[in-house]
Amino acid sequence: MTTKLKSLQDWVDSVAKLTQPEDIHWCNGSEAENKRLINQMNRSGDLLPLNQDHYPNCYLHRSSPSDVARVEHLTYICTEDEEQAGPNNLWMSPADAHAKMDAFFDGCMQGRTMYVIPYCMGPLASPYARCGVEVTDSPYVVANMRIMTRMGTAALERIESEGSFVKGLHSIGELDPDRRFIMHFPEDLLIQSFGSGYGGNALLGKKCHALRIASWQARQEGWLAEHMLIVGLESPEGETHYVACAFPSACGKTNLAMLIPPESQAGWKVWTLGDDIAWLHLDANGQLRAINPESGYFGVVPGTNAKTNKNAYDMITSETIFTNVATTEDNLPWWEDKKVGSPAFDWQGNKYDPDTGPAAHPNSRFTVAATNNPCYSELSEAPEGVPISALVFGGRRKELAPLVYEAKNWRHGVLVGAGVASETTAAATGQVGVVRRDPMAMQPFCGYNFADYWAHWLSFADKSDNLPGIFHVNWFRQDQNGKFLWPGFGENLRVLRWIIDRCEKRVGAKETPIGFLPESHGIDTQDLDLDPAVMDALLAVDNKQWLDEMESVGEYLGSFGNRLPEELQFEHDQVMQELRKIS
Ligand code: GTP
Ligand code: SPV
Ligand code: MN
């Protein structure tokens, strides 16, 4: 197979000339093609079949031990003007980046097959969807991209009719951390990734295209590409609200998107639209609508059990690719907090030894089709997406940030988003558990200067008077002993119900300098074995602590210099003034 689109054929030819593969395979996305690749990987050891009686069509991939997470320190935005990338990104000039990458790619596919993967991010019939082509020498990437995106013939047809696409060139190289770079050239809609086979570094449709490149395109075209789950909440009365939530990596998006209403919330139904990325557009009526550009989940495995998230637990018992989990004596996948079975082999395939750390890697992942989810929403295929009632920011904060609060208006909400901070997790290499700023949960993913990004967010206030409410949540408050104060998971529905009630103007709230908080009894705590003092702690605003926090937000915003939008500075000044009045 080849293509009738000359620009695509020319690009693939030029990549082949540089990388010198033994074969070129254009992926059509068919079942037969997938079977062939899986069988081939079973023979090569890239994939190990798991216990097929209990986990039919499930496989385990063990990545190189030094290639287990995204690598932010090796991820660059390469624009002609360094200011475009901003202080939030590592920058390299396109000329330098090309020189570096061309040397890596030179002859790197010798003896290997080069796969050409045409894919579509978003429903094939959606005007909001965007296409790309990833060229890779990793069959594992092909199998994952087939689950995560609409991949194959139909995508190629759309690309050929549109004539434009994002180019992604990927090679695993030698999987050498010293020869690993993830480069983005937003001005050329081009991604180049070398030396990693893992997740967001290698499945180029995901963070590289659908966030870094797409955020750049979104600013030019007037929409938003965000690190957000999309979930529909259907009340017992049959009213459905859709909310989109931005939490940093490994901070609960997949879990919230698949939430199971607890018994006490009888009659509520939850529908998953997306678990990681949302593309948001204003429609002709000024209503913000969301599509999920992905078609599968690349989710965190540890912590998933029948109690925390039964739907996720069941969803990954068939048709799933596991990466870096442990295995039991019976060749079942195993991970920390699975609550069933015990590990015989760790994520590297060594005999399990508790002294060498967790059995499954903390960033071990499952790749599974969204349609495997018992609460998959058919509207995931709706070309126009779903209307969004609320946008919710959140982070992992042991202290300070209350369980929930509401921004005073859109502009203040942009400040709330810009001030998000969270403890780092195993989703990226580096220290875990350190609080860092992660505006809109986009610190690793915004393809341009955050100052311009905030200006773009602020500009929506001029485009619609019908924008969703903006909220902030924190499921991760802890007591002195490190125990979570809030039960989380399914019980988070109680907080989402307050958010919906606020959007519908059905409940009052307490005004504080940081925003609106629930009144006492504003959140339904019936049947929750929760000490009222704990609830008070979860909903308290400590003005002194918040003054320190907002000072630190102010310093952070100041680091963007003259480019920082005045409106954001104004919102910050307002909050500071109110905090000073009360403290
Ligand atoms: P990425 O895929 O990296 O973007 O992560 P994510 O935001 O989808 O996070 P995910 O839902 O996979 O959750 C990450 C970890 O947080 C898992 O170990 C979960 O068990 C845990 N977690 C999720 N929701 C809650 C919650 O409400 N409370 C607590 N305490 N932990 C949670
Ligand atoms: C994240 O880190 O936010 C993920 C996993 O969703 S990865 O695909 O590796 O980016
Ligand atoms: Mn993510």
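So, let's start at S18 and strand S22 (residues 365-369): five bridges join them, and they run antiparallel. When I say strand, I mean a DSSP run of E with at least two residues, while helices are H or I runs of at least four, both numbered from the N terminus. Strands pair if DSSP finds at least two bridges between them. Within this pair, Gly296 sits opposite Ala369 in S22.

Quick housekeeping. This is a predicted model, where local features need pLDDT of at least 70, side-chain atom pairs count only at pLDDT 80 or more, and totals for chains, interfaces and linings use all residues. Residues are numbered from 1 along each chain as its sequence is written, chains are lettered from A and ligands numbered from 1 in the order in which they are written, and side-chain values use heavy atoms, with hydrogens and water left out.

Back to strand S18 (residues 296-300): four of its five residues are buried, so the rest of the structure largely encloses it. Buried means under 20% relative accessible area, exposed is over 50%, and partly exposed is in between, with a 1.4 Å probe and protein chains only.

Now the open sheet: four strands in the order S12-S16-S17-S23, with antiparallel pairing. Which strands stand at the edges? Those are S12 (224-226) and S23 (386-387), each with a single partner strand, so one side of each has no neighbour in the sheet.

Helix H5 (residues 139-148) is another enclosed element: nine of its 10 residues are buried, so the rest of the structure largely surrounds it. Among the buried ones are Tyr140, Asn144 and Met148.

Last stop, the surface. Glu80, Asp81, Glu82, Glu187 and Asp188 gather in a patch of negative charge. Patch residues have over 30% relative accessible area and no salt bridge, with like charges joined within 9 Å; a salt bridge is a side-chain nitrogen of Lys or Arg within 4 Å of a carboxyl oxygen of Asp or Glu. Asp188 lies in the loop between strand S10 (181-185) and strand S11 (190-194), and is partly exposed at 45% relative accessible area.

Key. Patch = residues over 30% accessible without salt bridge, like charges linked within 9 Å, V, L, I, M, F, W, Y side chains within 5 Å. Areas by Shrake-Rupley, 256 points an atom, 1.4 Å probe, with all protein chains shown as cover. Lys, Arg positive; Asp, Glu negative; His and termini not counted. Charge placed at Lys NZ, Arg CZ, Asp CG, Glu CD.
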